[in-house]
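Here are some notes to read alongside the model. Please keep the structure open and find each residue as it comes up.

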Amino acid sequence: MKELKCPKCGSVFTVDEADYASIVSQVRNAEFDGEVRRRIAELHARQEAEQKAAKAEAEQQYQKKLFEKEQSLGAKDNEILRLKALVDAAEEKKKFEIQAALAAKESEISGLKAQSELDRKEAQLRERSLLDQHKRELDAKDEQVAFYKDFKARKSTKGIGESLEQYCYKVYNQSLRPVMPNAIFDKDNDASEGSKGDFIFRDSEDGTEYISIMFEMKNENDTTATKHRNADFFDKLDKDRTKKNCEFAVLVSMLEMDNDMYNDGIVVAPGYDKMYVVRPENFIPLITLLVQTSKKALEYRKELVVARRQSYDVTDFEDNLAKFKDAFGRNYRLACEKFKNAIDEIDKSINHLQKIKEALIGSENNLRLANDKAEDLSIKKLTRGNPTMKAKFDEAREKKAVKEGPDNQ
């Protein structure tokens, strides 16, 4: 027999073993059912709380990533705008520099054209002046011819040669020395290398020698048995010219008076560069002609130097322009590459965010499935495969049905 105490009135009563076991079994079944329901309720509540917390955290992370990406996109947009502004500014600067350079070059070309026209007019004036002077000299030729013929007839061979040198020296001093005071016209007395000429003429401008002439004077009497030709002296004159570093060589000759080639004016010595043969009456005109020609050549050389310098300036400008284009093109390509890289990074970030979004959606699906499984939890499923627990639950249900049966009747 077992004694039991009533929790309400405190009275003690006895029950047999069978009744006691039945009561204990009922108490245990009721407590187990309550515990199961409590545990299921707690599990369901905890799952709901964890699901809400996970959703909140996922949403917070998503919003944070989204905000950071929006900031990153905004910064990249600003950088793109800044680079575009730099490119536009560089384009404008390049256009302005090209236009300024073209304007300056057009102005310089106009100035050169004007100067060229002025030089052309001055050259025409000098040409007319030279022609007038040459005409005056030709007018005096006939008067001098008679003098030379009489001069030659009255002199011996040696005297004629010496007198021709004296004549040329005298005519030079009278005609050219007053107008060319800085020029040099003197006897060639240097025979250290075995031979020498008769006279050397030199002149310079601004410290630069622009003309040098080696002169040889040759004459002979008509009664001389052995007649010389002008060509007999060309080789010696050329060597003397070379030894004394003279540009031109001139043979003032009264040889071969019956040869019309030498009687018609200034003759270029056959086979020799810059060597001339003249009669005494053309001595001064030839010097004047060579001086004017050499001065003009000096001006051309100066103009050529200026033109080359200007050409170098144009070349430097074109080189600088090409360098600027290359540097600008390189910077533009780098900017384009950085812009493309920025777009690629943006695309990568968007893809990464999309993956995060898909992961969050997958997590939400897993939580939903867990919730569905918790809600679908039942005593039948918990005792499936466990015959002992199934038998206990079945016994508890039967006893509960038996106990409630009389009461309901």
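1. Start with Arg241, which counts as buried at 7% relative accessibility. The cut-off for that word is a relative accessible area under 20%. Arg241 is placed in helix H4. Keep in mind throughout that this is a predicted model.

2. Which residues does Arg241 touch, leaving aside its neighbours within four places in sequence? The contacts are Met214, Cys246, Glu247, Phe248, Ala249, Asp273, Lys274 and Met275. With Asp273 there is also a polar approach: a polar atom of the Arg241 side chain lies 2.9 Å from the backbone oxygen of Asp273.

3. Asp238, at 21% relative accessibility, counts as partly exposed, while Arg241 is buried.

4. Some background on such pairs: side chains of opposite charge can pair when their charged atoms come close. The structure holds 17 salt bridges. Among the residues involved, Glu216, Lys218, Lys236 and Asp240 are linked in a network.

5. Another salt bridge joins Arg120 to Glu117, with the closest N and O atoms 2.4 Å apart. These two residues are separated by about one helical turn, because they sit three residues apart in helix H1 (residues 17–139). Arg120 is partly exposed, with a relative accessible area of 41%. Glu117 is also partly exposed, at 33%.

6. Arg229 and Asp232 form a salt bridge too, and their closest N and O atoms are 3.4 Å apart. How accessible are the two partners? Arg229 has a relative accessible area of 46% and is partly exposed. Asp232 is partly exposed as well, with 40%.

7. Turn now to the rings. A search of the whole structure finds ten aromatic pairs. One of them is Phe234 with Tyr272, an edge-to-face pair with 5.9 Å between centres and 70 degrees between the planes. Phe234 lies in helix H4 and Tyr272 in the loop between strand S7 (267–268) and strand S8 (275–278), so the pair ties together parts that are 38 residues apart in sequence. Phe234 is buried, at 3% relative accessibility, whereas Tyr272 is partly exposed, at 25%.

8. Which rings are linked into a cluster? Ring pairs connect Tyr169, Tyr172, Phe185, Phe199, Phe201, Phe215 and Phe283.

9. The charged end of Lys274 sits over the ring of Phe248, 5.5 Å from its centre. Both Lys274 and Phe248 are among the contacts of Arg241.

10. A word on confidence. The average pLDDT of the protein is 78, and 74% of the residues score at least 70. Where does pLDDT stay under 50? That happens over residues 154–161, for which the model has 13 contacts beyond four places in sequence. Where pLDDT is low, the predicted coordinates should not be read in detail.

Notes. Residues numbered from 1 in each chain as written. Predicted model: local features only at pLDDT ≥ 70, side-chain atom pairs only at ≥ 80, totals over all residues. Heavy atoms only, no water. pLDDT = per-residue confidence, 0-100. Contact = heavy atoms within 4.5 Å. Salt bridge = Lys/Arg side-chain N within 4 Å of Asp/Glu carboxyl O. Helix = DSSP H or I, 4+ residues; strand = E, 2+ residues; numbered from the N terminus. Buried < 20%, exposed > 50% of the residue type's maximum accessible area, 1.4 Å probe, protein only. Polar contact = N/O pair within 3.5 Å; in protein donor to acceptor, adjacent residues only side chain to side chain. Phe/Tyr/Trp six-rings, centres within 6.5 Å; stacked < 30°, edge-to-face > 60°. Lys NZ or Arg CZ within 6 Å of the ring centre and 35° of its normal.
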